[in-house]
Amino acid sequence: MDASDVIETLPIADWRGPYDPALQVRAVDALEAGCVLLFADLPFRPSPHEVFLLSPAVMGSERKNISFDPATGELGNTSLAGIEADRLRTMLRRFGDAAEALLRDLLPGYAATVERARTSFRPAEIAGREYSPRHDDRLLHVDAFPSRPMRGQRILRLFSNIAPDGAPRFWRVGEPFPDFARRFLPGTGAAMPGSAWLWQRLGVTKGRRSEYDRIMLRLHDTGKLDAGYQAGAPKAELSFAAGATWLCFTDQVLHAALAGHCAMEQTFHLPVAAMTHPERSPLRVLERLAGHALV
Ligand code: SIN
Ligand code: FE
């Protein structure tokens with residue numbers, strides 16, 4: 001595999017459109033085919049008041065990242081309070097606004113139904129930290145989250161490298177989703193009767209976990225825990241320079257983040273029906289392989 005197979009570089013230097021219609025078509029086709037859209041020179045710039053935020057010291061100790069909920073304004077996992085926390089909130093909201101403008105102008109077919117979810121700031125260096133394999137995003141995986149059933153909805157994420165020292169962010173990406181799914185679907189087993197109901201009752205999940213969600217979680221875990229796969233699977237190395245921004249469906253693109261610090265990230269949720277090629281969604285791929293509906 002070669003990085004050029006999975007990267008689609010788009011000549012976009014502005015967070016707002018209007019963009020050339022030919023570019024819009026290229027963007028949606030590449031994205032839905034499982035490519036990473038790269039905007040090589042689209043920096044997100046912190047203001048002078050925000051530069052102090054670009055440090056792992058602003059992070060709490062509970063998790064890997066700082067999160068921001070645009071609906072409530074709530075910050076998760078920060079050590080900051082008062083006016084400093086306000087500065088962080090402002091920076092995260094501005095990034096989310098920019099990400100949303102880009103998405104709406106570049107992918108007009110998504111605009112009506114896309115949902116802006118969490119924003120995150122990832123100040124800590126990835127390399128050299130200790131994680132359990134299941135939580136180690138340096139291993140190839142597709143995104144699937146235990147507490148948040150997606151019921152087939154897509155996870156679309158926009159990242160921006162804002163490292164003040166210019167450090168690149170290194171990723172690895174893997175084989176196309178259908179190949180990965182064919183390899184690991186047979187090992188995902190069957191649901192325990194009543195378990196989805198129980199997880200919901202116990203408050204483990206927000207809403208009922210579908211068969212799709214159960215399979216995606218199993219793919220996430222069994223892929224990460226398979227050392228032979230991690231070592232031998234097809235992969236390509238990507239390097240995102242400081243000042244670069246990139247976008248991909250992280251529930252489809254097998255990815256691993258190997259090194260880097262100070263990235264911004266905005267998550268969007270998208271119904272399968274909004275896609276130009278819904279048959280390429282993980283939901284439809286898995287349903288074809290399984291031979292029945294999964295939500
Ligand atoms: C991930 O989604 O696995 C991590 C991506 C990153 O932080 O660069
Ligand atoms: Fe991930």
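A polar contact here is a pair of N or O atoms within 3.5 Å. Keep that cut-off at hand for this tour of a predicted model.

**Stop one: His 141 and ligand 1.** Select ligand 1 and His 141 together. A polar atom in the His 141 side chain sits 2.9 Å from an oxygen atom of ligand 1.

**Stop two: Arg 169 and Trp 171.** Now pick Trp 171, where a polar side-chain atom lies 2.9 Å from a ligand 1 oxygen.

**Stop three: the strands.** Colour β6 (154-161), β7 (169-174) and β10 (255-259); these are the elements that give two or more residues to the shell around ligand 1.

**Stop four: the whole shell.** Show the side chains of Arg 122, Asp 137, His 141, Asp 143, Arg 157, Phe 159, Arg 169, Trp 171, His 255 and Ala 257, the residues around ligand 1. Colouring by class gives five charged, three nonpolar and two polar residues.

**Last stop: Asp 221.** Move on to helix α6 (residues 211-225), which holds Asp 221. Why does Asp 221 count as buried? Its relative accessibility is 14%, and buried means under 20%. To finish, draw a C-alpha to C-alpha distance from Asp 221 to Arg 154: they are 19 Å apart in space and 67 residues apart in sequence.

Technical notes
Residues are numbered from 1 along each chain as its sequence is written. Chains are lettered from A and ligands numbered from 1 in the order in which they are written. This is a predicted model: local features need pLDDT of at least 70, side-chain atom pairs count only at pLDDT 80 or more; totals for chains, interfaces and linings use all residues. Side-chain values use heavy atoms; hydrogens and water are left out. A residue is near a molecule or strand if one of its heavy atoms lies within 4 Å of it. A polar contact is a pair of N or O atoms within 3.5 Å; within protein, one must be able to donate a hydrogen and the other to accept it, and residues adjacent in sequence count only if both atoms are side-chain atoms. Helices (H or I, at least four residues) and strands (E, at least two) are DSSP runs, numbered from the N terminus. Ala, Val, Leu, Ile, Met, Phe, Trp, Tyr, Cys and Pro count as nonpolar, Asp, Glu, Lys and Arg as charged, and the others, Gly among them, as polar. Buried means under 20% relative accessible area, exposed over 50%, partly exposed in between (1.4 Å probe, protein chains only).
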